[in-house]
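Hello,

Here is the structure I promised to pass on to you. Have a look at it first, and then read on for what turned up in it.

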Amino acid sequence: MTTISDFLHSNKTARQHVEEALEKVAANERYHALLSLTRERALERADAVDRGEITGRLAGIPFVVKDNFLAFGAPTTAASKMLENFVAPLQATAVERLEAEGAICIGKANLDAFAHGGSTENSAFGPTLNAIDTTKVAGGSSGGSAVVTALDVVPFALGTDTGGSIRQPASFNGVVGVKPTYGTVSRYGVVAMASSTDTIGCFAHTAADASLIMDIMAGQDERDMTTLPNFFTLSEPVKAGQKIGLIRESMTDDVDSEVRDRTNDYAEKLRAVGHIVEEVDLPMLKHSLAMYYVIVPAEVSSNLARYDGIRYGLRAEGVKTLAELYGKTRDQGFVTENKRRIMIGSFVLSSGYFDAYYLQAQKARTLLINAYNELFKTYDVLLSPVSPTPAFGLGENTADPIKMYLADIMTVPPSLAGLPAMSIPAGVTSAGLPVGVQLIGPRKSDAALLGLAGSLEDQA
Amino acid sequence: MTVISRDDVQHLAQLSSLQLADDEVTNLVTDINDILGYVEQLSQLDTAGVEPTYQVTDLENVGRDDTVIDYGVSREQLLALAPAQQDNQVKVPKVL
């Protein structure tokens, strides 16, 4: 695996880095991890780095963005027919900040359409294959970004995580995945899904690389008023003797036994270096998915109302009235999962059902947050698996939406509470499939969580 | 438990501005009932006196100077994104 530091210490030119990354893209086409390349712009920027016109902490380092980030040089499709030909006239703040440090975007990665899904099988352009076993899913929704990182095409890639969309594919492909504290990174220029839990994060090979990327992207942006001042501190010393709570409800018999084994192994590694790991209870965990599938569809139905066929994106042909234009455009532009979520959202927000569903879910969310706050009085970090299973088979869960949703049962709760949560590689199953553990901390403890994960990488 | 009929799904589709094909409606009746059946468990939680959480930052009433921000995007670029335009306006079919 090639880390950012390997790139910075190599004698190659930026053009060579970018050309090599593009060659790796070509060699790995069968995974269908990328939807488009930004080749021309990438090579121009590489030459500018080599001429010394662009400098910075990531000068000449290639990366990939999930195709729901607006970025120059290629369309932004959100893996949907709705935006198939949408070429944005602006870039996401996250991309701008990386470019300002000299990083070079080489392409845009596949996802579940509009980031709705947990396998990348909901992409309107076909699924991405798992980097380790091509009969398995990549995970999702940021499947393409996870796979290009795992295949070592690029040292890091950007994703979005609303309920697990970075952490779960990171776990399925054996890379580090960061879902930061809500509000860490500006979402300006990123296709919105559920605004109360949408976050921007990254995939990388090491915790140190992930920290660097997050530090560069973090901070306030007047174009996203939910952003927090940058609280990241790089190379913070790892606190000795941390108290870590292993969430009991995430280690039940419903969870794959090898996933539990790898999680217990990780707990042992933590103990071996002097941390204290104890089992803790989080009974609200089992209700979190139900909260999520009320709150998120409600926000989705609102955020996706903008796709009306009027100002940009797809417009259905052969329609006579405005109502027909809306109805047909949205029918043709959305995949089934988008429609399911929009309609569930319309239902839970409709008068007569609002109190029983939406309001009740938002009150339950308060109970979940209270439960976390209570645990963080005693514990520095919480530990659980990322997903109840390793990567599942392509097509295995597509017929049953609930079964697909259950893959998110452990990643959804930190999202609802706005907490930072990291997916850290923790070994493989007997079949060789990667397993990730999740480190969850109080708000703004992102750097400390990555520091802790990094200190165990050094042990290996 | 709330049960959603085919007519309810058609109504939700209308509220959502989705013109669905018949076979898609059939599948959505099953899926939406399954999902609503799953989330029904929230009614078991005692939330009496609990305030709802709508946002998870501690930020409130974030303001900025009342000046124009330059987004670096021109009117022409934005209009060019529309599927149909005329005389600097976005063109749509008749409303009524």
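This is a predicted model: local features need pLDDT of at least 70, side-chain atom pairs count only at pLDDT 80 or more; totals for chains, interfaces and linings use all residues.

How do the two helices lie relative to each other? Two packed helices are described by the angle between their axes and the distance between the axes.

Now for the whole interface. The size of an interface is often given as the accessible area lost when the parts come together. Between chain B and chain A, the buried area is about 5300 Å², and carbon and sulfur atoms give 69% of that. Within chain B, the residues that lose the most area to chain A are Gln19(B), Leu42(B) and Val56(B), which together make up 13% of what that side buries. Counting residues in the contact, 69 come from chain A and 54 from chain B.

There are polar links as well: 20 residue pairs are in polar contact between chain B and chain A, with both residues at pLDDT 80 or more. On the chain B side, helix H1 (6–15), helix H2 (22–39) and helix H3 (75–81) each supply at least two of the residues that touch chain A. H2(B) gives the largest share of that side, with nine residues. By class, the chain B side divides into 32 nonpolar, 12 polar and 10 charged residues.

What about charge pairs? Side chains of opposite charge can pair when their charged atoms come close. Three salt bridges are counted between chain B and chain A. Arg443(A) and Asp58(B) form a salt bridge, with 3.1 Å between the closest N and O atoms.

Over all chains, the structure holds 30 salt bridges. Within chain A, the side chains of Arg41(A) and Glu99(A) meet in a salt bridge, at 2.6 Å from N to O. Arg41(A) lies in helix H3 (residues 39–50) of chain A and Glu99(A) in helix H4 (residues 93–100) of chain A, so this pair ties together parts that are 58 residues apart in sequence.

Last, two backbone details to look at. Most residues other than glycine have a negative phi, and most peptide bonds are trans. Ala115(A), which is not a glycine, has a positive phi of about 65°, and Ala115(A) sits in the loop between S3 and H5 of chain A. The peptide bond from Gly140(A) to Ser141(A) is cis, with omega near 15°. Ser141(A) is in the loop between strand S3 (104–109) and helix H5 (143–150) of chain A.

Enjoy exploring it!

Technical notes:
Residues are numbered from 1 along each chain as its sequence is written. Chains are lettered from A and ligands numbered from 1 in the order in which they are written. Side-chain values use heavy atoms; hydrogens and water are left out. Contact means heavy atoms within 4.5 Å. Buried area is the accessible area (1.4 Å probe) that two parts lose on being put together, summed over both. A salt bridge is a side-chain nitrogen of Lys or Arg within 4 Å of a carboxyl oxygen of Asp or Glu. A polar contact is a pair of N or O atoms within 3.5 Å; within protein, one must be able to donate a hydrogen and the other to accept it, and residues adjacent in sequence count only if both atoms are side-chain atoms. Helices (H or I, at least four residues) and strands (E, at least two) are DSSP runs, numbered from the N terminus. Ala, Val, Leu, Ile, Met, Phe, Trp, Tyr, Cys and Pro count as nonpolar, Asp, Glu, Lys and Arg as charged, and the others, Gly among them, as polar.
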